Amino acid sequence: MRGWRMRILSLDTTTDLATFGAADEVGVRSLLSFRQKMDISRRWPLCVQAVLQEAGWELDTLDGIGVCSGPGSFTGLRIGMVAAKTLAQALGLPVVALSSLDLLARPVLPLVTGALVAVLPCRKGEVYAARYLPAPCSPGMPQAEKTWVAHTELLLERAAQSPEPVAFVGNLGAGVEPPGGVTYLRRPGPEVELLPLLTVQRTLSGLGEDPLLVKPTYLKRSQAEEALEAAEAAARG
């Protein structure tokens with residue numbers, strides 16, 4: 001560790017909005033966000049180069065790597081995790097991996113009086129969801145009471161029938177609105193500055209991991225995996 005400010009690079013490719021950031025203890029030094037169009041595997045090295053160039057840093061001056069560990073887009077998540085782990089292994093750096101749902105919930109949780117459910121689109125009619133109980137503002141990450149893949153209509157129906165207040169944060173899907181009385185804070189994904197800033201804090205606290213131990217959070221198998229399983233079951237008769 002150098003004797004001056006810590007430098008980290010962060011990558012989030014789990015949603016349509018890909019974000020690359022560079023930050024130190026003072027704050028975010030550089031940020032690049034864009035709508036990815038299935039070409040993130042080609043663009044990520046150029047994005048890393050652009051973010052570091054704007055910050056005035058070189059790769060070999062970094063102290064840690066932050067990555068959003070999902071759930072989210074299968075392709076984007078895999079590419080982001082491979083990119084983060086490859087960089088960390090090559091440079092001998094720790095990795096801070098943070099859940100996309102936890103990142104969504106963290107800024108909102110101190111503001112709600114009932115349960116908070118963070119959501120991101122999964123497939124048509126489904127969302128990735130994590131439920132959090134009310135908690136005071138804390139420097140740590142929120143702990144989900146439950147994380148699962150939910151059918152959107154059933155999730156909203158249960159929220160409307162809940163005896164306690166339920167708020168949603170994130171993205172329930174295009175054109176989806178919760179019933180009356182249910183709060184919905186629509187977000188395309190986590191706040192873009194949160195991952196780099198929290199990566200700095202956690203790396204300073206020694207909470208970075210060996211890149212070989214970092215794993216993505218999928219919650220659900222890919223369509224290709226499910227199709228293969230169905231084909232194998234059909235072949236077995």
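# A guided look at the cores, sheet and rings

Visitor: At 36% relative accessibility, what does L154 count as?

Guide: This is a predicted model, and here L154 lies in helix α4, residues 152-161. Buried would need under 20% relative accessible area, and exposed over 50%. The 36% of L154 falls in between, so this leucine counts as partly exposed.

Visitor: How far apart are the C-alpha atoms of L154 and E126?

Guide: Along the chain, L154 and E126 are 28 residues apart.

Visitor: Which residue in β3 is the bridge partner of G21?

Guide: Strands of a sheet pair through backbone hydrogen bonds, either parallel or antiparallel. Here β2 and β3 run antiparallel and are joined by eight bridges. In β3, the partner of G21 is L31.

Visitor: How many residues does the largest nonpolar core have?

Guide: Nonpolar side chains tend to be buried together in soluble globular proteins. In this model, the residues with the most contacts inside the largest core are L9, L11, F20, W44, V48, L62 and I65. At least two core residues come from each of β1 (8-12), β2 (17-24), α1 (40-55), β4 (64-68) and α2 (74-91). The core's residue count is 27.

Visitor: Which residues does V48 touch, leaving out those up to four places away in sequence?

Guide: V48 is among the residues with the most contacts inside the largest core. Leaving out residues up to four places away in sequence, V48 touches L9, F20, L59 and L87.

Visitor: How many residues are in the other core that lies apart from it?

Guide: Members of this other core include L104, A118, Y132 and A167. Its residue count is 16.

Visitor: Which strands does β6 pair with?

Guide: Strand β6 covers residues 115-121, and six of its seven residues are buried. With β9 (166-170) it runs parallel, through five bridges, and V117 stands opposite F168 there. With β7 (126-132) it runs antiparallel, through six bridges, and L120 has Y128 as its bridge partner. The partners of β6 are therefore β9 and β7.

Visitor: Which residue in the turn between β6 and β7 has a positive phi?

Guide: β6 and β7 form a hairpin, with four residues between the strands. The phi in question is about 85°, and the residue is G125.

Visitor: Now for the aromatics. Why does the pair F20 and F34 count as stacked?

Guide: The search of the whole structure finds two aromatic pairs. In this one, the ring centres are 6.3 Å apart and the planes are at 5°. Planes under 30 degrees apart count as stacked, so the 5° between F20 and F34 makes the pair stacked.

Visitor: Which charged residue lies over the face of F34?

Guide: F34 is buried, and so is F20. The residue over the face of F34, at 4.1 Å from the ring centre, is R43.

Visitor: How far apart in sequence are the parts tied together by F74 and Y218?

Guide: These rings have their centres 5.6 Å apart and their planes at 10°, so they are stacked. F74 counts as buried at 15% relative accessibility, whereas Y218 is partly exposed at 26%. F74 lies in helix α2 and Y218 in the loop between α5 and α6, so the pair ties together parts whose distance in sequence is 144 residues.

Visitor: Which residue, with a positive phi, follows α5?

Guide: Buried residues of α5 include L194, L195, P196 and L198. The helix's buried residues pack against β1, β2, β3, β4, β5 and α3. After α5, with a phi near 75°, comes G206.

Conventions
Residues are numbered from 1 along each chain as its sequence is written. This is a predicted model: local features need pLDDT of at least 70, side-chain atom pairs count only at pLDDT 80 or more; totals for chains, interfaces and linings use all residues. Side-chain values use heavy atoms; hydrogens and water are left out. Buried means under 20% relative accessible area, exposed over 50%, partly exposed in between (1.4 Å probe, protein chains only). Two strands pair if DSSP finds at least two bridges between them. A nonpolar core is a set of buried Ala, Val, Leu, Ile, Met, Phe, Trp, Tyr and Cys residues joined through side-chain atoms within 4.5 Å. Contact means heavy atoms within 4.5 Å. Rings of Phe, Tyr and Trp (its six-membered ring) pair if their centres lie within 6.5 Å; planes under 30 degrees apart count as stacked, over 60 as edge-to-face and the rest as tilted. A charge sits over a ring if NZ of Lys or CZ of Arg is within 6 Å of the ring centre and within 35 degrees of the ring normal.
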